[in-house]
Structure formats: C-alpha cells, structure tokens
Amino acid sequence: MKSNILAIAIITLSTLMMSCSDDNEVTSDYGKLSVKLTDAPFPHDLVAEANVTIFKVDARYKGDINLDDEMIDSTSTTVETDGDNPFIVLMEDEVQVNLLELTNGVTKNLADIDVPVGTYDLIRVYVEGINVVLKDGTTYDLKVPSGSQSGIKIFIKPGLNVSGGLTSDLLLDFDVSRSFVAKGGTQNITGFNFKPVIKASNMSTAGTLTGIVTELQEETLFGVEGAQIAVFVADTLNTTTFSDVDGSYMLIGLDAGSYTVEVEKEGYIMQTVDNVQIDAANKTVLDFELTLED
C-alpha cells in the first residue's frame, strides 16, 4: 500500500475586480489579493491536532511597475527587499490553525490586501508554534528549521499574473503526511519531525476532483470512510486525500490535464481509473464502489 500523503491546500491568492475612477489614478495598477487556508483529513488515527501559527506571508514581485514611495503610501502596501527582489507583505498577524479542522475544500481566510499588478513567482510563509497533539492528550512541540526566520519558500511555476480588473488565484498544497513525519511508526508515535512540503498550483488553470467512495451491502450503497484517493501524473504522485465519514472526498487545485486516480483501503480491492480529465475552473465528479477482498 502506498504511503499515506495528505494534501493540504494552504493558501489561495485572489485578485478581485477593481473599479476605476478619475479620482484614483493608481487603481488600475492594483488588484485585490486575499489569502486562504484549507486542509484534508490527516491519516494518523492517533492524532487529534496538527497546529501551526502563521505570523507573516509575503510574495516576491516580478512586475514592471516601479514601486515608488508615493504609490506604496497611497495603498498602505508594505514592501521589503531581499537583494534586488521586492517582496509585498500580505499579512503580519498571528493566525493559529489546527490544520485537521480544515477538510475537503474548506478554507480559512488569512489576508485581504491591495497589491500591484504584475507577476509573483515566490511565496514565503513564516510559521512558529508548531505542535502535534495525540488523542490521549500527549503534545509534541516541533522545531521549525527556517520557517520563522526566512520563511517557508514556495515557488510558483509559471508565475502568478495579477491583472487589474481580473481574477487570479493561487493554491498552495501543503503535504501534511510528509511534513509531519512521525517517529516510531504511526501506531507507536514517540514524536514528530517537521519538514514542510508545499506545492503551488495556479487556480486559473486548475480544477477540482470530487466524488464519493461507497460499498454495496445487502443491495444498499454505504459510504466508505478513510479510503485513500491518490492522483498521479505520468506515474508520479501529485496529491492525495481521504474520504470522510460519508465517503465523500474533494481535491482542489489540480492543474488542468489528464490524471490517473487510484482508490485503496485495507481489506478492499484497489481501483484505478486512467485518463481522468480535469478542466480549468470546473469540477470533475468521479465516484467509486469498492469491493471487499476475498
């Protein structure tokens, strides 16, 4: 059985339509940017909470606009520099999140700010206060390698283009199972290491995969909880999630294209569907009916 990998979509950046007027000359040079957080089910049955405190998020600006003092002051935008590259500060407030409370497409808003139009090719997420709480109350505080000093760096390829009067979304897929590495095995946990693994997806070219996993019992379909849905591109694992108590699942932020989808759970025969098409800004519905192994 493949290792359990948790896909967490941690950040959505949205540039919303801005109205233009003769009284505001810089409006056409700015778009609205919001930051959201989401998650999917954590596979460790012994874990009750996976807590992260995010205290700052910024984005590297690669646009053509000269970020002069007058323009920045007019919108209260904060700009920092790292070498020759300006970073737009998106938020600087402590936001404490239990990642396990955000499942299957649920999001948490982190920021809402005007930013200059142009291209953004790197997001930095600054974190602290990382801990995992087991269901028996045991708490493990984790070290943050660089997330509190230089931020967790997530590159956007290709860069996210923010255009005045248009909407552009970015989704960060936080892989919790690989980021929170259990010591001693999942049934004998003695601690965790924190090694953040995050993938960026441009939502303007991405779609959603959703459906329900069921089994037939006495001619009636029942939802199957805890089935792993894994999405592959050319034999490379892209992301996974797990079905909830009703058997439902949802994966957001999948780049448009063709995928192979596998569903498995211990005691059931694994199912594979090839050539699953994901279209930009659309939902693809894919249901599964599992059969018990002999």
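Reader: Quick one to start. Is Tyr126 buried or exposed?

Author: Tyr126 is buried. Its relative accessibility is 6%, and the cut-off for buried is under 20%. Keep in mind that this is a predicted model.

Reader: Which ring pairs with Tyr126?

Author: The ring of Phe55. The two ring centres are 6.0 Å apart.

Reader: Stacked or tilted?

Author: Tilted, because the planes of Phe55 and Tyr126 meet at 55°. Stacked would need an angle under 30 degrees, and edge-to-face one over 60.

Reader: Where do Phe55 and Tyr126 sit in the chain?

Author: Phe55 belongs to strand β3, which covers residues 47–61. Tyr126 belongs to strand β8, residues 118–134.

Reader: What charged end sits over the ring of Tyr126?

Author: That of Lys56. It lies 5.0 Å from the ring centre.

Reader: And which ring has the charged end of Arg124 over it?

Author: The ring of Phe87. Here the distance to the centre is 3.5 Å.

Reader: Let's zoom out. How many helices and strands are there?

Author: The protein has 2 helices and 23 strands.

Reader: How much of the protein is buried?

Author: Of its 294 residues, 49% are buried. The exposed surface comes to about 14200 Å². Carbon and sulfur atoms provide 45% of that surface.

Reader: What share of the contacts joins residues 24 or more positions apart?

Author: 73%, counted among contacts with a separation of 6 or more.

Reader: New topic. Where is Thr208?

Author: Thr208 lies in strand β15, which spans residues 206–217.

Reader: Why does Thr208 count as buried?

Author: Because its relative accessible area is 10%, and buried means under 20%.

Reader: What is Thr208 in contact with, leaving aside neighbours within four places in sequence?

Author: Met250, Leu251 and Ile252 are among its contacts.

Reader: Last topic, pockets. How much space lies in the second largest pocket?

Author: About 200 Å³.

Reader: Which residues line the second largest pocket?

Author: The lining includes Phe155, Ile156, Lys157 and Pro158. Lys199, Ala200, Ser201 and Asn202 are also among the lining residues.

Reader: Which elements give two or more residues to that lining?

Author: Strands β10 (152–162) and β14 (198–202).

Terms used
Residues numbered from 1 in each chain as written. Predicted model: local features only at pLDDT ≥ 70, side-chain atom pairs only at ≥ 80, totals over all residues. Heavy atoms only, no water. Phe/Tyr/Trp six-rings, centres within 6.5 Å; stacked < 30°, edge-to-face > 60°. Helix = DSSP H or I, 4+ residues; strand = E, 2+ residues; numbered from the N terminus. Buried < 20%, exposed > 50% of the residue type's maximum accessible area, 1.4 Å probe, protein only. Lys NZ or Arg CZ within 6 Å of the ring centre and 35° of its normal. Contact = heavy atoms within 4.5 Å. Areas by Shrake-Rupley, 256 points an atom, 1.4 Å probe, with all protein chains shown as cover. 1 Å grid on protein atoms, 1.4 Å probe; cavity = no way out; pocket = protein on both sides within 12 Å on 5 of 7 lines; lining within 4 Å. Points joined across faces, edges and corners; volume = space filled by probe spheres on them.
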